[in-house]
Amino acid sequence: MAQRILGVDLGSWSVKGVLMERTFRAWTVESVAEIPVHPGEPETLRERQFEALQQLLLDPDLKAEVAVAALPGEQATLRFVELPFSDTKKVDATIEGELADTLHFDVYDAVHDHRIQEKREDGSSLSLATAAPHHTVEHLLTELQDNGVDPRFLPVDMLQMYNLYTHFLQEDASKPTAPLEPATEA
């Protein structure tokens, strides 16, 4: 059975929506929409974003069973954490304490997650961890729900860009190349 998933991006200049359909074997893009975030009234950027989101949600082509949104990267902290072991259960049990030493807020009042990026031959590991204050995540979820989006998944936006690059675009031959250096006269 197909499942329709709406991805919402609350950008500074526009609010974007992408409707994906997931079937047993594939993903397809069903619809894409963008609504500009107009300057001026309402006063705050967040209010203007949610005004644009309300317009976006009126599009009948974007109706979905599941929604996904993202926590803005400036509201979260990302850290690479190196550990002398790579056992997944051990990393899971240790990562919170490692984050506690590096965060500017209390890790015990935060939402955090991690992914092991590399398991090394010497038995050590490198994880990418993210954390955000609980109240920040709760506030965004409440605002989204109040505006008609109840996300099942709320990742950090820049971490998802990193995942997109590492999983799909790393070998993309269409990437722009650096321009040639201008010739200098001797």
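**Exercise 1.** In this predicted model, work out which residues have the most contacts inside the largest nonpolar core, and which elements supply it.

*Solution.* Start with the core itself: it holds 26 residues, and V15, L53 and L144 have the most contacts inside it. Next, go through the elements. At least two residues of this core come from each of β1 (3-10), β2 (14-22), β3 (27-36), α1 (45-57), β7 (125-133) and α3 (134-146). Then look for the top contributor: that's α1, which gives 5 residues.

Now zoom in on L53. Skipping its neighbours within four places in sequence, L53 is in contact with V8, L10, V15, L144, N147 and V149.

**Exercise 2.** Find the order of the strands in the open sheet, and say which strands stand at its edges.

*Solution.* Trace the 5 strands across: the order reads β3-β2-β1-β4-β8, with mixed pairing. Now check the ends. β3 and β8 (151-153) each have a single partner strand, so one side of each has no neighbour in the sheet. From one strand to the next, the twist averages 30°.

For a closer look, take β1 and β4 (residues 66-68): they run parallel and are joined by 3 bridges. Here L6 sits opposite A67 of β4.

**Exercise 3.** Which ring does the charged end of K90 sit over, and how many aromatic pairs are there?

*Solution.* Take K90 to begin with: its charged end lies over the ring of F85, 4.8 Å from the ring centre. Then count ring pairs, with centres required to lie within 6.5 Å. The count comes to 0 aromatic pairs.

Key. Residues are numbered from 1 along each chain as its sequence is written. This is a predicted model: local features need pLDDT of at least 70, side-chain atom pairs count only at pLDDT 80 or more; totals for chains, interfaces and linings use all residues. Side-chain values use heavy atoms; hydrogens and water are left out. Rings of Phe, Tyr and Trp (its six-membered ring) pair if their centres lie within 6.5 Å; planes under 30 degrees apart count as stacked, over 60 as edge-to-face and the rest as tilted. A charge sits over a ring if NZ of Lys or CZ of Arg is within 6 Å of the ring centre and within 35 degrees of the ring normal. A nonpolar core is a set of buried Ala, Val, Leu, Ile, Met, Phe, Trp, Tyr and Cys residues joined through side-chain atoms within 4.5 Å. Buried means under 20% relative accessible area, exposed over 50%, partly exposed in between (1.4 Å probe, protein chains only). Helices (H or I, at least four residues) and strands (E, at least two) are DSSP runs, numbered from the N terminus. Contact means heavy atoms within 4.5 Å. Two strands pair if DSSP finds at least two bridges between them. Axes are lines fitted to C-alpha atoms, for helices over the stretch in contact, and angles run from 0 to 180 degrees between N-to-C directions.
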